[in-house]
Amino acid sequence: MSIQSKDVEYVAKLARLNLTDQEREKFTEQLNAILQYAEKLNELDTDGVEPTTHVLRLSNVMREDVVQESLSKEKVFRNAPEEEDGQFKVPAVLE
Amino acid sequence: MTLFDLSLQELHSQFRSKELSVTDVVGEAFTKIQERDERVGAYLTLNEEEARAHAARLDDKLVTGESLGLLFGLPVGIKDNMVTEGLLTTCASQFLSNYNPIYDATVVSKLKLAEAVTLGKLNMDEFAMGGSNENSSFHPVRNPWDLSRVPGGSSGGSAAAVAAGEAYFTLGSDTGGSIRQPASYCGVVGLKPTYGLVSRYGLVAFASSLDQIGPITKNVEDSAYVLQAIAGFDPKDSTSANVEIPNYVSALTGDIKGLRIAVPKEYLNGIDPQVKAAVLESLRVLESLGAVWEEVSLPHTEYAVAAYYLLASSEASSNLSRFDGVRYGVRVDNGGNLLDLYHESRSQGFGPEVKRRIMLGTYALSSGYYDAYYLKAQKVRTLIKQDFDQTFQKYDVIIGPTAPTTAFPLGSQVDDPLTMYLNDILTIPVSLAGVPALSVPCGFADGLPVGLQIIGKAFDESTVLRVAHAFEAHTDHHKQRPSL
């Protein structure tokens, strides 16, 4: 399956990226080359093979719910691009 | 001969006898950085004032005769994707160019506990994506053995700093070969521990099912000491393994009689003839020490790179969604709404390789393609892991080259991502299987270092280190230094 420029545009939107025309053209070409290479995996019969999500086979690591000190406000906002009244400030969500 | 040529034990004994001070050793590190780093480019941020103050505090401690931490007084450089409280941590990305962490990664806390002195933060491929360090959004790193060539990546700064004598040791991170491949290109020792052995808390996530932190050092003994200091269960990392940590230094017995080595034929096919010759010569050295080796097959090797790029990019596309310009990082606000802010901040903050992988991963996870790409790759990962499991039923270690070639010239592969990805063909299968592997210098080809990759069973770093140490004791490749 080969990807078209419009597919790249769609995926960029999902990934919250704006692409220039030049980037879109380049990524279309490069993603096609990479995905074509990935077609190689179809040479293998994987029916009945369990997927490996994780080599340690851990699941649902739990701990006791213990109250601990949390971060100070000063630390939480140290890197905030914009802050107001102890909150992260962002532009309007809806127009 | 420099102070960095002294072994850890020699340094510690000279500290105790007052022949040397920590201030001397840290001072020499900054002198080397001053002399060389303009050409090498290993560092992004220096921690000079604090490092010198720390050295002075450690010297005070020497007077009182207290017991010394495991890595007491050793100058360390840290890859810039591990957070350091109050010290800029950029992941070599414009997006995080102003990021001042509010806590220390667990490995950083452990280094402090062991009394190592942090010199600064090391250059890398942006968000650890790349194999040449050319994807740093600040400046490339150059290979100390030949400044026209790459140091490898993504831990290029970490490997180059040790090779250039700009740090006693460094920490790197490895997702598909990012410690081992640059260690091979720069002629130093790089260890990727078993997945889960070293805490990832405070490591900026790239591909969470693969990422692992490990040491880059100038010899195997140092690697064992550093691993000792950083390994162990961490409740703050839910993928941390709760296993007993052995004494890695005491595993370095020099005895490998009867060791059973598997050499995958797939790892010797199609590689540079001089690299192959160095590996075969290394096997003769190991044979002379009483080991036996046989050729084996890891039949799914050729599928590893394809599976890896789908899995790692998918995980990256998810992990990097946190970089939205709201809570930290560089925000680009062109007066639009919140969605515009996300788009602008990410588009301007990320470089081309990061965007490419986010795009690939988003596509592979998107509706209608998940089974064909992501799930298929996870199943192939199982087959690759089984190759290793089966081989380790009969053999103690698997040995081959670390990379198919030596370091390549800067700029020679930047426009061809697929070719660049294939440099990792010998390190990626190991990452997918989650087992430990170490690259140790094993020769030179046209003046450039070659690395031997020693792969072990899960959590059997002791054997990997023992074999590498025995090999090193009978060769002198690791003692060569670049002329800079």
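Trainee: What makes chain B agree with a compact globule?
Mentor: This is a predicted model, so the value is computed from its C-alpha atoms. For 484 residues, a compact globule would have a radius of gyration near 23 Å; chain B has 21 Å, and therefore agrees with that expectation. Along the principal axes, its C-alpha atoms fill a box of roughly 65 × 55 × 45 Å.

Trainee: What is chain B built from, in helices and strands?
Mentor: Chain B has 15 helices and eleven strands. Among its contacts with a separation of 6 or more, 77% are between residues 24 or more positions apart.

Trainee: How many of the 484 residues in chain B are buried?
Mentor: The share is 61%. The label requires 20 or more other C-beta atoms within 10 Å.

Trainee: What makes Ser154(B) buried or exposed, and where is it?
Mentor: Ser154(B) has 35 C-beta neighbours inside 10 Å, and therefore counts as buried. Ser154(B) sits in the loop between β3 (117-122) and α5 (156-163) of chain B. Leaving out residues up to four places away in sequence, Ser154(B) touches Met124(B), Asp125(B) and Ser178(B), among others.

Trainee: Which residues does the UniProt annotation "active site" cover, and how do you know that they cluster in space?
Mentor: The unreviewed UniProt entry places that annotation on Lys79(B), Ser154(B) and Ser178(B). They are spread over 100 residues of sequence, yet the largest C-alpha distance is 11.1 Å. The annotation itself may be inferred rather than shown by experiment.

Trainee: What makes a set of residues a nonpolar core, and which residues have the most contacts inside the largest one?
Mentor: The residues must be buried, of nonpolar type such as Ala, Val, Leu or Ile, and joined through C-beta atoms within 7 Å. The largest such core has 166 residues, and Val76(B), Ala307(B), Leu310(B), Val397(B) and Ile454(B) have the most contacts inside it. Helix α9 (residues 304-319) of chain B gives the most to this core, with ten residues. In soluble globular proteins, nonpolar side chains tend to be buried together.

Trainee: Which residues does Val76(B) touch?
Mentor: Not counting residues up to four places away in sequence, they include Leu111(B), Val117(B), Leu119(B), Ala167(B) and Phe169(B).

Conventions: Residues are numbered from 1 along each chain as its sequence is written. Chains are lettered from A and ligands numbered from 1 in the order in which they are written. This is a predicted model: local features need pLDDT of at least 70, side-chain atom pairs count only at pLDDT 80 or more; totals for chains, interfaces and linings use all residues. Helices (H or I, at least four residues) and strands (E, at least two) are DSSP runs, numbered from the N terminus. A residue is buried if 20 or more other C-beta atoms lie within 10 Å of its own, exposed if 12 or fewer, and partly exposed in between; C-beta atoms are placed from the backbone. Two residues are in contact if their C-beta atoms, placed from the backbone, lie within 7 Å. The radius of gyration is taken over C-alpha atoms; the globule rule is 2.2 Å times the number of residues to the power 0.38.
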